Amino acid sequence: MIFRRLRGRASVLGPPIVVGVAGLVLWEAVVRGFGIREFLLPRPTSILEEVVDNWPVLRHAIWETGWIAVSGLLIGIMAGVALAFLTTRFRTLEEGLTPLAVVVNATPIVALAPIFNAWFGITGTLSNQSVVIAVVFFPVFINTSRGLMAVHPDEIELMHSYAASKWTIFREVRVPNALPFFANSLRLVAPLSVIAAIVAEYFGGPQDRIGNVITSNVAFVRYDVAWAAIGVASALGLGLFAVALLVERVSMPWRAAMVEGEFTTTPGRE
Amino acid sequence: MSNPVLAEKAVVIDGVAKVFNEGGDSEVAALSGIDLTVEAGEFISLIGPSGCGKSTLLRLVGDLLAPTTGEVTVFGKSAHEARLDQDYGMVFQHSGLFDWRRVLANIELPLELRGWSRDERSARSAEMLGLVRLEDFGGHYPRQLSGGMQQRVSIARALSFQPKLLLMDEPFGALDEMTREHMQLELLRIWRETQTTVVFVTHSVPESAFLSNRVVVLSPRPGRIHSVVDVDLGDRSDDTRQDPAFFEKATEIREALRAVEGDG
């Protein structure tokens with residue numbers, strides 16, 4: 001069984017790794033073969049060299065930006081879930097807030113970054129954190145509340161037949177039902193938090209964060225260092241995405257059991 | 001307030017009518033003038049064309065809906081009191097099992113809500129799993145089971161706390177014919193073993209004849225009781241399905257249904 005599971009994992013991870021490595025090799029070959037100038041598009045190997053050469057700066061920068069992204073991510077998730085819980089409990093709040101949230105969600109929140117800078121100052125982390133929080137909040141809120149509401153009516157009737165209280169129905173039915181919806185939003189917002197933090201940093205602030213490392217190196221025509229910073233930022237985004245997947249797996253063992261299909265028969269639900 | 005005269009009756013439906021969206025543009029008279037008594041230990045089926053209000057009637061008995069007029073009494077109590085006392089077990093067409101609970105935990109859910117201890121719960125859920133013959137599947141998640149197995153778990157859950165009244169809304173409607181016939185036999189065995197009272201909604205004539213002591217035929221718009229067919233076929237087995245007496249009863253029910261569909 002363990003063998004099968006390992007083989008299953010290898011068959012899932014194999015193709016993307018092969019494609020990814022092939023892509024990097026192709027990139028390297030194209031830049032070398034066509035003599036593309038390094039400041040337009042550096043080779044992957046020279047980007048890697050720059051990562052190593054500039055490691056102390058990049059490590060510090062990714063630490064700063066990572067803190068902004070992760071703290072904003074966590075606060076945004078907590079706020080989104082908390083408001084989803086409240087709106088499910090109080091219908092009038094839901095009717096007033098959800099359409100508003102959908103509208104606000106459609107506005108480009110990173111565009112608010114300069115305004116947040118004016119509000120919260122550019123020396124601290126609060127301004128950029130606020131951008132991350134605002135970006136993370138809405139997908140989490142909208143998805144989680146949808147999951148809390150999208151319960152099969154039979155399941156509610158069943159709980160009523162047991163004379164279950166609203167709170168019991170919430171705890172036993174709505175919350176577990178919302179978990180897959182929440183997990184989907186988590187996959188979305190985990191890498192998004194890094195993007196939001198970096199874009200916010202483009203609008204100024206301390207020079208020791210990834211966004212500023214990118215802009216200042218571009219300004220000095222040091223594209224290879226800028227690329228190195230982008231590479232490190234991608235790694236952070238990927239890392240957070242991986243954490244989101246892990247949370248999904250651990251919190252929903254029933255889904256993993258279904259995907260692995262160790263004893264799956266025909267699904268009986270229509 | 002239990003009424004000693006009514007106490008032997010499982011369900012007494014007295015002059016019940018149900019109107020949806022009363023006074024609104026989309027007002028619908030779903031049920032009208034329903035009088036019906038179900039004896040304790042009886043297996044009764046409600047059958048009729050779609051729109052006849054059979055599911056609505058079941059929900060009125062289970063206090064999931066309130067009647068517009070009239071009264072529903074369950075074991076001498078109002079349907080509302082009976083629901084608060086958790087006298088009902090319910091099984092729907094959609095098995096309504098929770099994906100996130102393993103089979104045993106699904107069966108134990110109503111017991112948890114009643115505050116049973118862990119030991120009591122696991123003893124009972126193991127027993128119920130045996131009753132529906134799924135001993136080897138307690139640790140599975142519902143989606144890992146076939147439709148018929150899921151429906152058996154759903155029945156086990158409904159019976160786990162020994163409800164006085166089992167309400168079933170087309171529980172085998174989504175199953176294939178073979179599984180369905182097998183499940184009908186299983187249900188009759190469980191009904192005999194537990195001596196519970198069953199109100200069963202179906203749209204299948206043979207199913208109603210095979211399972212029930214009495215079949216209530218409803219006519220649509222608004223739903224009324226057209227006729228009640230007594231079915232006395234003794235202990236059922238697979239052979240019953242070839243029994244001339246069974247065909248006779250099925251024909252009687254079918255003719256009643258044709259008559260009501262002709263009206264509508």
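Modeller: Start with strand 1 (residues 9–20) of chain B and strand 4 (residues 69–74) of chain B: in this predicted model, five bridges pair the two in the antiparallel sense. One spot to look for is B:Ala17, whose bridge partner in strand 4 of chain B is B:Thr69. Another is B:Val12, with B:Thr73 of strand 4 of chain B standing opposite.

Now stay on B:Val12 and look for strand 2 of chain B. There, the bridge partner of B:Val12 is B:Thr37. Strand 1 and strand 2 of chain B run antiparallel too, joined by eight bridges.

Zoom out a bit and you'll see where these pairs belong. They sit in an open sheet of four strands in chain B, in the order 2-1-4-5, with antiparallel pairing. What stands at the edges of this sheet? Strand 2 (28–39) and strand 5 (77–78) of chain B do, and each has a single partner strand, so one side of each is left without a neighbour in the sheet.

Chain B has another open sheet to trace, this one with six strands in the order 6-7-8-3-9-10. Here the pairing is mixed. The edge places go to strand 6 and strand 10 (224–230) of chain B; each of them pairs with a single strand, so one of its sides has no neighbour in the sheet. If you ignore direction, neighbouring strands of this sheet are turned by 20° against each other on average.

Let's follow strand 6 of chain B. Its link to strand 7 (residues 165–169) of chain B is made of five bridges, and the two strands run parallel. To find the pairing by eye, look for B:Met90, which stands opposite B:Leu167 in strand 7 of chain B.

Strand 6 also takes us to the other chain. In all, 25 residues of chain B are in contact with 23 residues of chain A. On the side of chain B that touches chain A, at least two residues each come from helix 2 (79–84), strand 6 (88–92), helix 3 (103–113) and helix 5 (147–159) of chain B. The largest share of that side, three residues, comes from strand 6 of chain B. Sorted by class, the side of chain B that touches chain A has 12 nonpolar, 10 polar and three charged residues.

Technical notes. Residues are numbered from 1 along each chain as its sequence is written. Chains are lettered from A and ligands numbered from 1 in the order in which they are written. This is a predicted model: local features need pLDDT of at least 70, side-chain atom pairs count only at pLDDT 80 or more; totals for chains, interfaces and linings use all residues. Two residues are in contact if their C-beta atoms, placed from the backbone, lie within 7 Å. Ala, Val, Leu, Ile, Met, Phe, Trp, Tyr, Cys and Pro count as nonpolar, Asp, Glu, Lys and Arg as charged, and the others, Gly among them, as polar. Two strands pair if DSSP finds at least two bridges between them. Axes are lines fitted to C-alpha atoms, for helices over the stretch in contact, and angles run from 0 to 180 degrees between N-to-C directions.
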